[in-house]
Amino acid sequence: MKAPGLSLLCLISLLASSSNAAETAASLKQYAFGFHTLHLGDTVRRGSVKFNVDDGMTEDELDAVNHVLDERGASPVDDKGYRELSLPNGTHVRIGGFLVEGFLEDSVEGVHSLPGEFAVNGEFSTDEAALVLQIAKAGNLFVGSSSDAAQVAAPGRVTDKRFAKRHKQVSITADEPALAEWVRQNIAPALRQ
């Protein structure tokens, strides 16, 4: 008589856990954006085409970003130039732009941006924003969907007039809540399968 009750309890538990797993998978969102260098170069015109030439990150800035990732327990660089880590809240993070040997991706021009991918269970929060700010400050970087995006976020005030000319709307996001809110408002997440 006790066995059917135990079986029923196990069945209910199994159904509840599979329901929770389905909810978790359904709420996993992928936020993708770039960390872009604040080292602005010149605007160059070739015929009728005008484009920006940035100086790229310094070796010290790239080392500082790698140090942040090392402290967070990130993996070594994979064959596609990404380092991966998991945050304590379960968010999976991929930061790219590195080579396997650890050298700059382009020995002539340097690293101009680091693509970032955050697989978040739910909404982008202050936990993810803390890592973004730490990387941005260490590497002298700003955050945006592209280096020429109209709306970008920077961890502090940027006084370079060329930066203001390129980026019409700069949000100063010096703390985690401000950056988390900026990402939720400006970076559309993709649902991850």
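Author: Contact means that heavy atoms lie within 4.5 Å. This is a predicted model, in which local features need pLDDT of at least 70, side-chain atom pairs count only at pLDDT 80 or more, and totals for chains, interfaces and linings use all residues. Residues are numbered from 1 along each chain as its sequence is written, and side-chain values use heavy atoms, with hydrogens and water left out.

Reader: Among contacts in the chain between residues at least 6 apart in sequence, what share joins residues at least 24 apart?
Author: The count takes in contacts between residues at least 6 apart in sequence. Those that join residues at least 24 apart make up 58%.

Reader: What is the mean pLDDT of the chain?
Author: pLDDT is the predictor's confidence in each residue, from 0 to 100. It stays under 50 over residues 15–24, where the model has 1 contact beyond four places in sequence, and also over residues 100–108, where there are 13 such contacts. In the chain, 72% of residues reach 70 or more, and the mean is 79.

Reader: How many helices and strands does the chain have?
Author: Helices (H or I, at least four residues) and strands (E, at least two) are DSSP runs, numbered from the N terminus. By this rule the chain has 5 helices and 10 strands.

Reader: What span should helix α2 have, given its number of residues?
Author: The expected span of a helix is 1.5 Å times one less than its number of residues. Helix α2 covers residues 59–71, which is 13 residues, and its end C-alpha atoms are 18 Å apart.

Reader: Which residues of α2 are buried, and which are exposed?
Author: Buried means under 20% relative accessible area, exposed over 50%, and partly exposed in between (1.4 Å probe, protein chains only). The buried residues of α2 are Glu 61, Leu 62, Val 65, Asn 66, Val 68 and Leu 69. They lie on the same side of α2, because they cover an arc of only 155° around the axis (the arc of the directions from the helix axis to the C-beta atoms). On the other side, the exposed residues are Glu 59, Asp 60 and Glu 71.

Reader: Why does Asn 66 count as buried?
Author: Asn 66 has its place in helix α2. Leaving out residues up to four places away in sequence, Asn 66 touches Arg 83 and Phe 98. Asn 66 counts as buried because its relative accessible area is 17%.

Reader: Is Pro 76 buried or exposed?
Author: Pro 76 lies in the loop between α2 and β4. Beyond its neighbours within four places in sequence, Pro 76 is in contact with Tyr 82 and Arg 83. Its relative accessible area is 66%, so Pro 76 is exposed.

Reader: Which residue in β7 is the bridge partner of Gly 34?
Author: Two strands pair if DSSP finds at least two bridges between them. β1 and β7 pair in the antiparallel sense over 4 bridges. The partner of Gly 34 in β7 is Gly 144.

Reader: What is the phi of Asn 140?
Author: Most residues other than glycine have a negative phi. Asn 140 is found in the loop between α3 and β7, and at 29% relative accessibility it counts as partly exposed. Its phi is positive, near 55°.
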